[in-house]
Amino acid sequence: MSLEQLRKQFLSPADEFSPIPFWFWNDYLTEEEIVRQINDFKAKGVNGFVIHPRIGIPKEIAYLSDRFMELVTCAVETAEKLGMQVILYDEGMYPSGSAHGKVVAHNHRYASRGLQLREYEVSGRLEIKLELEPDDQLISIQAAKKTDEKALDPDSLQILPLQGNKVVFQAPDQGHWVAMLFVETYSRGTIRGIHFGEDDGQPEAPPSTDLLNPEAVRTFIEYTHERYYQVLSKYFGQTIIAMFTDEPAILGRRGRRGLRPWTDGFLDWFQKHGGSELDLAALWFDLGDETDDKHRLYKQAVNALLEQSYYRQISEWCAEHNIALTGHPERSADIGVLRYFQIPGQDVVWRWVAPENDLALAGEHSTMAKCSSDAARHAGLRRNANECFACCGPDNVHWGFGVWDMKWYMDWLFVRGVNLLYPHAFFYSIDGKGRYDERPPDVGPNNIWWPYYQTISTYMKRLSWLNTDSINQAQVAVLCEPDHLPWRIVRPLYEQQIEFNYLENRLFGERVKVEDGHLMIAAQKYSVLVIEDPVQITPEVERALPEFIRQGGAVLIYNREQKRLVPDYACQIRDLDQLVPEIEKRITRDICFEPTCSMLRYTHVVKDGLHLFLLVNEGDQPIAGKAVLNQIGYVEMWDAWNGATWALPVEINADSSVNVDIKLSGRQSTVIVVDPGREPALKPKPSATGCLGELHPRTITDIITVSEGWQIENPPQAMDLTQQLRSWTDFAGMEHFSGTLTYINQFYVDQAKGQLMQVLLDLGEVGELASVELNGCDAGVCLLPPYQFDLSEFVQPGLNEIKVSVTNSRANEFTDAKIRSGLLGPVKVEITRLAN
């Protein structure tokens, strides 16, 4: 496609790139209201939804009942008429696998199970009677000497026989000996249900299912997936595009403490995967240097069985019924199981990732966006997703989540390669605390930005489009394990703008090829492999790397713990400060930034021959400088938020790299587009005197401060703001007010000072949305900082009347947060004129 065609697609992206929000069905449901809300979604640029049964549905609408399915059918039929997409949700409510308790009701032995440790102190001789609950199984009896409270002497471990129904052990010396019984038992875990009284810790919470039992999972599929297909088969693969599975948890929620995942026959499975019966104690105690390896073997065995019993069965069912499996696993780093998803996903919840406290780059959760996007890239899949925004309000005030935060989260995801958002959530109802306080906020119809949601949905579409059907240009791969994505070693890559992708070690035995000094997989090719720990090097990786090196590739190993020898063919990194310089010796940067900025992120993709660089300021402070591009051609800047594009004059350096000026305010993004098939537009060069002449006529700027004299139109109570702008919460009785108030004032423009070129209004601090009228003309709305408006079109010589309507957060209505609200300023009008 041409630049013009791609620009048109960017500005008006197809509906397939729409956000697909979780739609909480959480109240008494009617066909009329379902149809009304779906049409409202469509009008705001939302072209799909996930039907999510949620707590608050009355018991007369039982999960998967005929009445429930009538309502689902109504929603799907309405979506079909409007050309929208529907994703079905496989549980009532979550985590997945229980069918709202129907699986365990079908067979009580399908309840989730775990391994329990029963520990007995031994002083001389121990003799106890074995007592098991119904359906419990004794897995092993062992004895060992303790070296401290949480550690055992591994050489002392021994397996004891069961003597009749008794455990008998004679300590061989005066040391601190313990006997250990390992018992398979019910976890007594539950899920969160859809009716009041079925939440965590409540007596009617539905029991969770043994997800390591293939027969139990097959029963789950029969109750859930087959039921949906029975009623809605004609929509599968058309209007219904996917089934969403949600963080399946082996032990369920709120079960017995201290259990480890287990199921019937798991000891044999564990032993077939390299473990032994004597390794069980390592699940609770330190057994010395081999403890981590024993843990790893156990986790690998559990994950392998979960893949086979749960994910593979559901994935195959979805594929056979012409829909995708989507959703996300339980943990943020579970990249291995995403191989079974046709639309792999993850979820940003509870502000585990955030702009503050280093949470954007530190910890396991900081890897989740790359988890889904890199899984998709290496599987050759078009889309990957994220369930985002749940409980992500600042300072644990979740209704305080605003567009300022939403924009940060969207950019955090997009610059890491995510291209489908599942906003959590649109609430069918916010009637009562049990609904409006259920994993808030509503990020759609019941929030203050809903009248302007088209701006948000279009932004999501534009950047989802950018990341779809394009080829990522990362030259660096970071080795990872199926359940572990290193985050420490990638921090300097983010902060110094080295793009990378996580590459799962299992893929080396499956799809990774070595060609011409590159690791090749799907459309990706890597010339550098970074390894945080030699333990990640599996035999399959070990076989591939010597040839990779021989052909010119590079392997860099950090080996932070220094517990294992580094292979001779690798370059060992002893300090993280060495990592980027070593990488730079081995790659050609596609882009670099001057001056350097640790808060700047980027991703580089090629789409139909055009190079697109998405730049994101992940900080709150502005960034200014230049980007040096290794790709020469005609350059444009595309603004996804405002829907604007413009040509970008450049400077060409002696090495044929290109300089582009960059300015990003806090939490701002932009897209640099390079068309290598066209000549670049060049910056004008200064004359011998250094002057650009008439290209930049001389201007003068005046600043008018408008911080006094404000009045509120029809205030709900007396609010004197004539001397100073103040938060609504400063006035007694306004602490819980949420709504819109309109401010009125005037300012004077002296035409005699020169011809007006531009008039900009800066409202300063606003809590939270602002729309402006000048002289009766609509000057627009601003959803997030900076609250600036171009008034040039509406200003007149002399007196100008300004109205500013401010809508504050609903957090003050629903909580005691007392979030600063209203027009807070300082308000300034910046007038730029031609000098006389």
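Start at the surface: select Ile632, Ile652 and Leu682, which form a nonpolar patch with about 250 Å² of accessible area together. The model on screen is predicted.

Keep Ile652 selected. This residue lies in strand β35. Is Ile652 buried, or partly exposed? Its relative accessibility is 40%, so Ile652 counts as partly exposed; the buried class would need a value under 20%.

**The open sheet**

Now extend the selection to the sheet that holds β35. Four strands make up this open sheet, in the order β29-β32-β36-β35, and their pairing is antiparallel. The edges are β29 (591–594) and β35 (651–652); each has a single partner strand, so one side of each is left without a neighbour in the sheet.

**Strand β37**

Next, select residues 669–675, which are strand β37. How many of the seven residues of this strand are buried? Seven of the seven are, so β37 is largely enclosed by the rest of the structure.

Colour the strand by the direction of its side chains. In a regular strand, side chains alternate between the two faces of the sheet. In β37, Ser669, Val671, Val673 and Asp675 point one way, while Thr670, Ile672 and Val674 point the other way. The residues on both sides are all buried.

Strand β31 (residues 610–617) runs antiparallel to β37 and is joined to it by six bridges.

**Helix α10**

Last, go to residues 403–414, helix α10. The helix has twelve residues and spans 16 Å from its first C-alpha to its last, close to the 16 Å expected at 1.5 Å a residue.

Which residues of α10 are buried? They are Val403, Asp405, Met406, Lys407, Trp408, Tyr409, Met410, Asp411, Trp412, Leu413 and Phe414. With eleven of its twelve residues buried, α10 is largely enclosed by the rest of the structure. Show the side chains and look along the helix. An α-helix has 3.6 residues a turn, so residues three or four places apart point the same way.

Note on methods
Residues are numbered from 1 along each chain as its sequence is written. This is a predicted model: local features need pLDDT of at least 70, side-chain atom pairs count only at pLDDT 80 or more; totals for chains, interfaces and linings use all residues. Side-chain values use heavy atoms; hydrogens and water are left out. Helices (H or I, at least four residues) and strands (E, at least two) are DSSP runs, numbered from the N terminus. The expected span of a helix is 1.5 Å times one less than its number of residues. Buried means under 20% relative accessible area, exposed over 50%, partly exposed in between (1.4 Å probe, protein chains only). Two strands pair if DSSP finds at least two bridges between them. Patches are made of residues with over 30% relative accessible area and no salt bridge: like charges are joined within 9 Å, nonpolar side chains (Val, Leu, Ile, Met, Phe, Trp, Tyr) within 5 Å. Accessible areas come from the Shrake-Rupley method with a 1.4 Å probe; for residues, only the protein chains shown count as cover. A salt bridge is a side-chain nitrogen of Lys or Arg within 4 Å of a carboxyl oxygen of Asp or Glu.
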